[in-house]
Amino acid sequence: MHEDGNDDGHRDPSLAGTGVDQTAFLALERELTVLLRRARASQGEMAREVHPDLEPSAYGLLVRLDECGKQRATELAAYIGVGKATMSRQLRALEDLGLIAREPDPADGRAWLVALTQEGQDRVRRVREARRARYAGRLADWDTREVTELARLLHQLNRGMEK
């Protein structure tokens, strides 16, 4: 039995007769469930490391800004998959914490660009470096090619989920 108790032998009737290997997709579902549960817990820990008052869901916004630089709120909302109101609330909270700043978009005076402040950059990068070090420690017995292949497959999965 798997640690989350999902290995109960049930088969998905919706896959019956489709020629799809049910066992493989059930295993995929089980492992993704465990991974996502751990990722949510980890995201909360990382958010608290950036700032004790940071909501776990806002951590992804900070990472996106760290990787891509200045962006419009509408771009961030589309990337994260939330509505304008939710994005506005999260950005206000990040601004109140001093982690982001808004500036007028030079391409469109009606729009604003959001960017990490220096404090935000420093905090996010410190947490991301610590996270990568934890991954390196936990996967130290993996071959570098396996880590590269896992990253490639996860990227392929994420791209497939965008469709």
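The questions below set values against definitions.

Modeller: This is a predicted model, where local features need pLDDT of at least 70, side-chain atom pairs count only at pLDDT 80 or more, and totals for chains, interfaces and linings use all residues. Residues are numbered from 1 along each chain as its sequence is written, and side-chain values use heavy atoms, with hydrogens and water left out.

Biologist: Why is α2 called mostly covered?

Modeller: α2 spans 59-68. Seven of its ten residues are buried, and buried means under 20% relative accessible area (1.4 Å probe, protein chains only). Among them are Tyr59, Leu62 and Asp66.

Biologist: What comes after α2?

Modeller: Glycine 69 follows, with a positive phi near 80 degrees.

Biologist: What makes a set of residues a nonpolar core?

Modeller: The members are buried Ala, Val, Leu, Ile, Met, Phe, Trp, Tyr and Cys residues, joined through side-chain atoms within 4.5 Å. The largest such core has 21 residues. Leu54, Leu62, Leu94 and Ile100 touch the most other members. α2 gives the largest share, five residues.

Biologist: How do you know which residues isoleucine 100 is in contact with?

Modeller: Contact means heavy atoms within 4.5 Å. Leaving aside neighbours within four places in sequence, the partners of isoleucine 100 include Leu62, Leu91, Leu94 and Val114.

Methods
Helices (H or I, at least four residues) and strands (E, at least two) are DSSP runs, numbered from the N terminus. Buried means under 20% relative accessible area, exposed over 50%, partly exposed in between (1.4 Å probe, protein chains only).
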